[in-house]
Amino acid sequence: MNVATIYIDEVARQGDAKQNLLHVCLSLGYDLPYFCWHPVLGSVGACRQCAVKQYRNEQDKAGKIVMACMTPALDGTRISIADAEAAGFRAAVIQGLMQNHPHDCPVCDEGGECHLQDMTVMTGHRTRAYSFAKRTFRNQYLGPLVNHEMNRCIQCQRCVRFYREYAGGTDLNAFHLRDTIYFGRHEDGVLENEFSGNLVEICPTGVFTDATLKHHYARKWDLQMAPSICVHCGVGCNTTAGERYGTLRRIVNRYNHEVNGYFLCDRGRFGYEFVESDQRIRHPLVEGRTATTSEALERFAAMLREGKVLGIGSPRASLESNFALRTLVGADRFFAGVSDRELRLLSAMLRILQEGPARSPSLDEVEHSDAVLVLGEDVANVAPIMALRLRQSVRQAPMQIAERLHIPAWLDHSVREVVQDAKGPLYIATPYATKLDDIAADTYRAAPDDIARLGFAVAHAIDPGAPQVMGMSPELDKMAAAIAASLLNSHHPLVVAGTSCGSQSVLEAAAQVAWALCKVGHPAALSLLAPECNSVGLAMMEPHSLSEADNAAKRDPTSCLIVLENDLFCRGPEKEIRSLLANARHLVSLDHLRNQTTEAAELVLPAGTFAESTGTLVNNEGRAQRFFQVFDPNSEVLASWRWLGEGSQAAGFTTKLGCTLDDLTKAMAEEMAAFASLPQVAPAQDAIGKIAREPNRYSGRTAMLANISVHEPKPPDDPDSALAFSMESGPDVPPPSLNPFFWSPGWNSIQATNKFQTEVGGPLRGGDPGIRLIEASLQSDRKYFSNISAAFQAHAGEWLVVPIFHIFGSEELSRWAPGIAQLAPSPYVALNPEEASRSGVSAGQLIKVTIGGTLFDLQVLLRVDLPCGVAGLPAGVLPRGITTLPAFCSLVPSLTESCRGAA
Ligand code: SF4
Ligand code: SF4
Ligand code: FES
């Protein structure tokens, strides 16, 4: 930080000279009202709300009004916030902004957490002077996720600046007509950008609100809240989940500087409604019939006592639940609940991150990369928030243009004016077009093996000591050389890859590029994406493969097979899964939603979701983060780890499962070196006083159960965390990992986050939540991979299957949220138009497709971006029966044609 002394109302304060006065005042804790400024969007001076009086020197008593957000915080600057003229200016501005505002706070969903309300109170505006007709607008239908109420707009421009300039959306704009300005789409329709839900938080008033919350509305102050982690991809964005009357009402962003910053993707924000899906399992089921907890435990214990037990873990269950299962069945009989191919990829990914010299970056580091190579990943659909960060990374290199002209980074429009369309180098090599292509310096569309070859060629171009790729075309060699040069010319190079195109070669090629950079003394970051919220955590437990589970069960018929939070039919071919299940005398399934595995189970135990249980997830960075139970479901729903612990106790086993989450994390840290620091992820439940999940304005506590009893019951205990199901609070400022919501006197909106950061937009005071469990091996002498794949060869009549990811539909749990379900695509098979015409099929035609030996009807979708010899199938939205994607499929335009066998 470049320290400047600023005199604020004659008190000398220290601030960052690189920032503007508003930023510095807010960071120092002053209450200065603002609307159009946002720490990540910078300043445009549109609202005139942040006026202060600035003085030339100590003798200057007159001063002049300036906008704090447009004035640099230079050393020796003298300002007054309290000055009567400045305060009067701010009051006049808010009076103008409120002139046409409908004053409909009682029926506005934003009411009680509205930045406009807060700023109105802060400026002291109380009386409405204007008594004429107000300007009114027609609202638009923007889809099932975001509501529109334009009359509340104060023209701050934040929405379009976020949507268009920050998130890359194109279908929301400011429309100017005579003396009005309208923020919306050119016509009614679903907002196209995958970050549209952030408008709810970016808009300082109630123009954009959460349409899913409307179905079960509650005021912020009436929500019982807890810190949580998004479970809908492998990135682990931090969220705050809110409950009222025993149902989950909404998810909002929880700032974590290192992970998601201020934003969430729409899957993460709106996918929560699966928790209240009618597919939920809320009571134990014994042979399909509802049973009590004690009956279920008795049955469970009897099954466990009968003989050998196998356990299948899950990449969407917490570390604690997986560990509880592993402890119950023994490490030898603990298997991964993912396909063998996925486990191989995850294990390869872990080895690369642990044994190689390249560090896995936080998302903040991703944003600050200035040259990026993406190999094989459709980042916007697989790990959406990383795509938002990558979109900012291409601004890093061009920012030097502004720097050379001494334009501060926060002066947003001036920066954009000089930078124009200049972008830093981002190269994307994927099997199909992605939503980041519009900002890419170059793209390459190819089958995974060819993508890997490009990566290996880049590594060789960086370090000639890395193996050469033979048989590359001159164009590809040129592209590899250009990518290598960009990475070598940058300060913070980054390589992104992952498991989603199912190729170990792609992972190894990405590692090769990063390692080559490290070897030539130009350290690079390597970000590898994992498919699910705890894929990395599961892989760290070193489970055996699913096919080994099948062999083990065949070799030695098992008395009991326990499946943890997993629909095995999504993990392998139906025939193989049925064979595995047939070899167990008893099948126990613990899960949230009904699925094919729970249907087949003799005993189903209702597992708590992220909202009803506490646990830890490890994201793709290797960061362990804890989610906390939001509410006591007051039913038979329990955390999976608790069911397993109680089952083992009921069976009379002596295990280290203990009774509380702290017991479990301690046992885990003792048993597995990789988890030694797990207890530090959050303070133990008895380490600090209790922290209230309910705000101090929570209403109706004494009345909400009056229909059952007029005596207010004692709130339930939470033995697993320092959070309490009540309004009574311990420390004033909870540690960041345990902070259930951001609130500060006078700051009821999400902008209260400012009060919890070391400086606005910076890390949280007390440290951003999460502990990194995986670090690169800096002394690594890892040899280069030498096994370079051969170029992909297309074969007539047979297609290589690649999964096409969709933000809505490709993830298992969020699919059950009604808003998300409406936006998910129908099953299809995508082909290159040239190939489709060669095969005699056309767009929209229903054709027979042979996948894994079974015929399916799928509609043809033509995509020019798909390479020849490759067929795209939508990940997660396949017809029932197709679960994992085999390597090849064959297409049969009509039933009468014979089809070639699939691999
Ligand atoms: S809609 Fe909201 S964010 Fe957009 S200009 Fe109006 S008040 Fe600002
Ligand atoms: S990017 Fe992933 S973790 Fe973040 S909100 Fe979206 S689905 Fe959730
Ligand atoms: S916040 Fe300064 S002008 Fe809007």
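Helix H6 (266–270) and helix H12 (384–393) each supply at least two residues of the shell around ligand 2. The model examined here is predicted. The shell residues are Cys230, His232, Cys233, Gly236, Cys237, Leu264, Cys265, Arg267, Gly268, Pro384 and Ile385. By class, 7 of them are nonpolar, 3 are polar and 1 is charged.

Helix H12 also takes part in the second largest pocket, where it gives two or more residues to the lining. This pocket has a volume of about 1600 Å³. Its lining is made of 50 residues. Nearest the centre lie Gln19, Pro39, His368, Met399 and Ala409. Besides H12, the elements that give two or more residues are helix H10 (363–367), helix H13 (399–404) and helix H14 (412–419). The lining holds 22 nonpolar, 17 polar and 11 charged residues.

Rolling a probe the size of a water molecule over the atoms shows where empty space is left. Across the whole structure, the search finds 14 cavities of 30 Å³ or more. The largest cavity contains about 280 Å³ of space. It is lined by 24 residues, and those closest to its centre are Glu113, Glu201, Arg250, Val252 and Ile750. Helix H5 (199–202), strand E9 (208–210) and strand E12 (247–253) each give two or more residues to this lining. Strand E12 gives the most, with 4 residues. Sorted by class, the lining of the largest cavity has 10 nonpolar, 6 polar and 8 charged residues.

The second largest cavity holds about 120 Å³ of space. Of its 17 lining residues, Arg316, Glu565, Thr609, Phe610 and Phe627 are the closest to the centre. Here the lining divides into 9 nonpolar, 6 polar and 2 charged residues.

Attention then turned to the strands. Strands of a sheet pair through backbone hydrogen bonds, either parallel or antiparallel. Both senses of pairing occur in this model, with parallel pairing between E15 and E22 and antiparallel pairing between E26 and E29.

Strand E22 covers residues 558–564. In this strand, 7 of the 7 residues are buried, so E22 is largely enclosed by the rest of the structure. One partner of E22 is strand E15 (residues 309–312), and the two are parallel over 4 bridges. Within this pairing, Leu310 has Leu561 of E22 as its bridge partner. Another partner is strand E23 (residues 584–591), which runs parallel to E22 and is joined to it by 6 bridges. Between E22 and E23 the chain passes through helix H20 (residues 574–582). This β-α-β crossover is right-handed.

The antiparallel case is an open sheet of 3 strands. Its order is E25-E26-E29. Strand E25 (615–618) and strand E29 (771–772) stand at the edges. Each has a single partner strand, so one side of each is left without a neighbour in the sheet. Strand E26 (residues 623–627) is joined to E29 by 2 bridges. In that pairing, Ala624 faces Ile771 of E29.

Conventions. Residues are numbered from 1 along each chain as its sequence is written. Chains are lettered from A and ligands numbered from 1 in the order in which they are written. This is a predicted model: local features need pLDDT of at least 70, side-chain atom pairs count only at pLDDT 80 or more; totals for chains, interfaces and linings use all residues. Side-chain values use heavy atoms; hydrogens and water are left out. Two strands pair if DSSP finds at least two bridges between them. On a 1 Å grid over the protein atoms alone, a cavity is a set of points where a 1.4 Å probe fits but cannot get out, and a pocket is an open set with protein on both sides within 12 Å along at least five of seven lines; lining residues have an atom within 4 Å of a point. Grid points are joined across faces, edges and corners, and a volume is the space filled by probe spheres set on the points. Ala, Val, Leu, Ile, Met, Phe, Trp, Tyr, Cys and Pro count as nonpolar, Asp, Glu, Lys and Arg as charged, and the others, Gly among them, as polar. Buried means under 20% relative accessible area, exposed over 50%, partly exposed in between (1.4 Å probe, protein chains only). A crossover is right-handed if, with the strands pointing away from the viewer, the path from the first strand over the helix to the second runs clockwise. A residue is near a molecule or strand if one of its heavy atoms lies within 4 Å of it.
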